[in-house]
Amino acid sequence: MQAAIFSFSAPPPLLPPNFSPISLKTHQPNTLFFTSTISNRPSILSTHTLPRKLICKPPAGKYLSDDYLVKKISSKEVQELVKGERNVPLIIDFYATWCGPCILMAQELEMLAVEYENNAIIVKVDTDDEYEFARDMQVRGLPTLYFISPDPNKDAIRTEGLIPIQMMRDILDNEM
């Protein structure tokens, strides 16, 4: 009986031996990675935001029209509403025209606007148009709702994702 002799060679390295990049491209945009001199592994040294460039303008929202109760407003108008005198809660909906759950949430917000016609202010902010404002408000997922009480001593309530209309009613009735 003969024994089989196998010889294995080491797999080729992923990077050439003389490769020493200053920055590596990753799937995380706007984050620079630098190689550490101690472990030769990437480590995050700094994160910064580059100006956003749109390839094309997003399509106009066909689910927003002038006869809807929930109006789209700009970031400046939102800031005026928050700072101004109000005696009713303010609901800010951060949405995008291409977002499926945002369209469903828009329908629920319209029903809520009918129910709470004089007892709440509901507005929408398009995250494609107001990118910097959405980033400053830490909007990471869509739709994102902010419930802001007229009482300045109460904290705002933030929800992310599609939530049922009953949960919005409970927040308005019990938390505001």
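Modeller: A residue is called buried under 20% relative accessible area, exposed over 50%, and partly exposed in between (1.4 Å probe, protein chains only). The model is predicted: local features need pLDDT of at least 70, side-chain atom pairs count only at pLDDT 80 or more, and totals for chains, interfaces and linings use all residues. Residues are numbered from 1 along each chain as its sequence is written, and side-chain values use heavy atoms, leaving out hydrogens and water.

The whole structure contains 6 salt bridges, each a side-chain nitrogen of Lys or Arg within 4 Å of a carboxyl oxygen of Asp or Glu. One of them joins R169 to E115, with 2.6 Å between the closest N and O atoms. This pair connects distant parts of the chain, since R169 belongs to helix α4 and E115 to helix α2 (residues 100-115), 54 residues apart; helices are DSSP runs of H or I with at least four residues, numbered from the N terminus. E115 has 41% relative accessibility and therefore counts as partly exposed.

A further salt bridge brings together the side chains of R135 and D136, at 3.8 Å from N to O. With 55% relative accessibility, D136 is exposed, whereas R135, at 32%, is partly exposed.

In the bridge between R158 and E160, the closest N and O atoms are 3.2 Å apart. E160 has a relative accessible area of 44%, so E160 is partly exposed; R158, at 35%, is also partly exposed.

Technical notes: Helix = DSSP H or I, 4+ residues; strand = E, 2+ residues; numbered from the N terminus.
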